[in-house]
Amino acid sequence: MISITPAEVKLFAEFIHARSGIVINSSKAYLLESRLGPLLDEYGAKSFADFFYAGYRSEEWEARVVDAISTHETSFFRDQRPFALLQTKILPEFFVKRQNGSKTAPPELRIWSAACATGQEVYSIAMIIAELLGGAMKRWHITITGTDISDVAIARARQGLYTRYEVERGVPLALCRKYFESQGDLLKVRDDLQTMTVFYKTNLLTVAPEQFGRYDIILCRNVAIYFNQENRRRLFQTIASCLRSTGVLIIGSTESIVDASDLFSRTESCNTTYFQKSAPQGV
């Protein structure tokens with residue numbers, strides 16, 4: 001494997017940070033070598049600098065580099081506590097309140113999985129909703145939006161196709177039988193769950209809130225840990241702009257927004273922390 005020099009680490013780190021917000025310091029040379037190394041052969045590059053200057057002006061090259069560096073580790077019902085929170089508190093309370101609203105328009109629910117990787121978080125939420133609403137789900141207008149910076153991850157999420165291992169390691173057997181269908185050696189998410197979902201490639205640091213709309217629930221788990229403080233604040237400002245006044249934000253179990261945003265107030269339930277928008281000063 002070709003080794004990366006400190007100067008090349010700096011070159012790629014600045015580029016990746018500018019394009020994605022992901023922070024890579026000198027201690028992550030091994031990460032660049034392991035994830036970008038296979039691409040050098042494709043481009044016939046003899047060094048990481050050769051690889052950089054061979055393609056950095058190309059959108060396709062940029063997408064492949066960002067995709068290679070992005071972390072796609074995920075699973076169905078990963079870290080079960082946030083899903084227990086949604087199933088036992090957040091969603092039931094929301095359904096009751098919204099059902100008591102307008103009698104002329106179907107009740108609406110909008111959820112955003114802000115870094116959905118290959119879609120398992122989105123489909124986990126869809127299964128919870130289907131379990132809670134049952135046949136009444138047809139009377140709701142439900143949209144679960146999944147976004148990620150990786151083209152490859154979004155393409156997989158849209159397909160809704162997973163290996164048996166990916167499904168069975170996170171989905172209880174009863175739900176697996178109920179919401180997945182065999183497709184060769186793979187398992188496919190059932191169509192009525194997929195109709196609730198939409199997936200977009202999105203850079204969280206450049207998204208325009210006014211074009212993205214408002215959401216009732218936003219999950220942004222294990223994302224901010226890859227950003228510096230300035231970009232964390234930008235991220236949570238965007239989320240605050242996209243969250244309805246009564247909405248809920250769920251972040252990673254080891255994450256904190258204390259040093260990144262004063263726009264939210266913290267609440268705990270079901271052994272899980274979640275956030276709601278702080279009341280404006282003077283209220």
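Trainee: Does glutamate 14 count as buried, partly exposed or exposed, and at what relative accessibility?

Mentor: The general idea is a pair of cut-offs: buried means under 20% relative accessible area, exposed means over 50%, and partly exposed lies in between (1.4 Å probe, protein chains only). At 46% relative accessibility, glutamate 14 counts as partly exposed. Glutamate 14 lies in helix H1, and its C-alpha is 8.3 Å from that of isoleucine 24, 10 residues apart in sequence.

Trainee: What should I know about the model and its numbering before going on?

Mentor: This is a predicted model, in which local features need pLDDT of at least 70 and side-chain atom pairs count only at pLDDT 80 or more, while totals for chains, interfaces and linings use all residues. Residues are numbered from 1 along each chain as its sequence is written, and side-chain values use heavy atoms, with hydrogens and water left out.

Trainee: How many helices and strands does the chain have?

Mentor: Helices (H or I, at least four residues) and strands (E, at least two) are DSSP runs, numbered from the N terminus. By that rule the chain has 12 helices and 10 strands.

Trainee: What does the radius of gyration say about the chain?

Mentor: The radius is taken over C-alpha atoms, and the globule rule is 2.2 Å times the number of residues to the power 0.38. For 283 residues, a compact globule would have a radius of gyration near 19 Å; the chain has 20 Å, which agrees. The C-alpha trace spans about 65 × 60 × 35 Å along its principal axes.

Trainee: What percentage of the residues is buried, and what share of the contacts joins residues 24 or more positions apart?

Mentor: Of the 283 residues, 51% count as buried. Contact means heavy atoms within 4.5 Å. Among the contacts with a separation of 6 or more, 74% are between residues 24 or more positions apart.

Trainee: Which residues of helix H7 are buried, and where do they lie around the axis?

Mentor: In helix H7 (residues 151-159) the buried residues are Ala153, Ile154 and Ala157. They cover an arc of only 95° around the axis, which puts them on the same side of H7; the arc is that of the directions from the helix axis to the C-beta atoms. Their cover includes helix H4 (59-69), helix H6 (120-133), strand E2 (141-148), strand E3 (161-163) and strand E6 (197-201).

Trainee: Which loop holds methionine 137, and what does this residue touch?

Mentor: Methionine 137 lies in the loop between H6 and E2. With a relative accessible area of 14%, methionine 137 is buried. Leaving aside neighbours within four places in sequence, methionine 137 is in contact with Ile129, Ala130, Ile142, Asp192 and Met196. As for aspartate 192, its C-alpha is separated from that of methionine 137 by 9.8 Å, although the two are 55 residues apart along the chain.

Trainee: Is serine 269 buried or exposed, and which residues does it touch?

Mentor: Serine 269 is found in strand E9 (residues 264-269) and counts as buried at 18% relative accessibility. Not counting residues up to four places away in sequence, serine 269 touches Leu85, Lys89 and Tyr274.

Trainee: Where does alanine 13 lie, and how is it classed?

Mentor: Alanine 13 lies in helix H1 (residues 6-20), and it counts as buried at 11% relative accessibility. The C-alpha atoms of alanine 13 and isoleucine 149 are separated by 17 Å, and the two are 136 residues apart along the chain.
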